[in-house]
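Good morning, colleagues. Please look at the model on the screen while I go through its core, one of its helices and its salt bridges.

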Amino acid sequence: MAERKGCSAADVQRAAIELFEGNCVAADHWLHQEAVGLGRKRPIDVMERNTQQVLDLIGRLEHGVFT
């Protein structure tokens, strides 16, 4: 995923909901679970410091790259 300036937590939440095909509950659950692609950190915690890192992970997951 290309670098986007001014990424926000809302951008991450929208991308997570898209990843889960509109299922807000599943997206919220994923955001609060440890992610291997984030060094076993929770996306919700990582996005406080680096939204782009979580967006990049979502992009990889959309393309079938799970790590």
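I begin with a definition: a nonpolar core is a set of buried Ala, Val, Leu, Ile, Met, Phe, Trp, Tyr and Cys residues joined through side-chain atoms within 4.5 Å. Buried means under 20% relative accessible area, exposed means over 50%, and partly exposed lies in between, with a 1.4 Å probe and protein chains only. Please note that this is a predicted model, in which local features need pLDDT of at least 70 and side-chain atom pairs count only at pLDDT 80 or more, while totals for chains, interfaces and linings use all residues. Residues are numbered from 1 along each chain as its sequence is written, and side-chain values use heavy atoms, with hydrogens and water left out.

In this model, the largest nonpolar core has 17 residues, and Val 12, Trp 30, Val 54 and Ile 58 have the most contacts inside it. Two or more residues each are given to this core by helices H1 (9-19), H2 (24-31), H3 (43-49) and H4 (51-62). Helices here are DSSP runs of H or I with at least four residues, numbered from the N terminus. H4 supplies the largest share of the core, 5 residues.

What does Ile 58 touch, not counting residues up to four places away in sequence? Its partners are Val 12, Ala 15, Ala 16, Leu 19 and Trp 30, where contact means heavy atoms within 4.5 Å.

I turn now to H1. Its buried residues include Asp 11, Val 12, Ala 15 and Ala 16. These cover an arc of only 135° around the axis, so they sit on the same side of H1; the arc is that of the directions from the helix axis to the C-beta atoms. The buried residues of H1 pack against H2, H3 and H4. After H1 comes Glu 21, with a positive phi near 50°.

How many salt bridges are there? The count comes to 2, a salt bridge being a side-chain nitrogen of Lys or Arg within 4 Å of a carboxyl oxygen of Asp or Glu. One joins Asp 11 to Arg 14, with the closest N and O atoms 2.7 Å apart. Both residues lie in H1, 3 residues apart, or about one turn of the helix. Asp 11 counts as buried because its relative accessibility is 14%, whereas Arg 14, at 48%, is partly exposed.

Another salt bridge links the side chains of Arg 42 and Asp 45, at 2.8 Å from N to O. Arg 42 is partly exposed at 32% relative accessibility, and Asp 45 is partly exposed at 28%.
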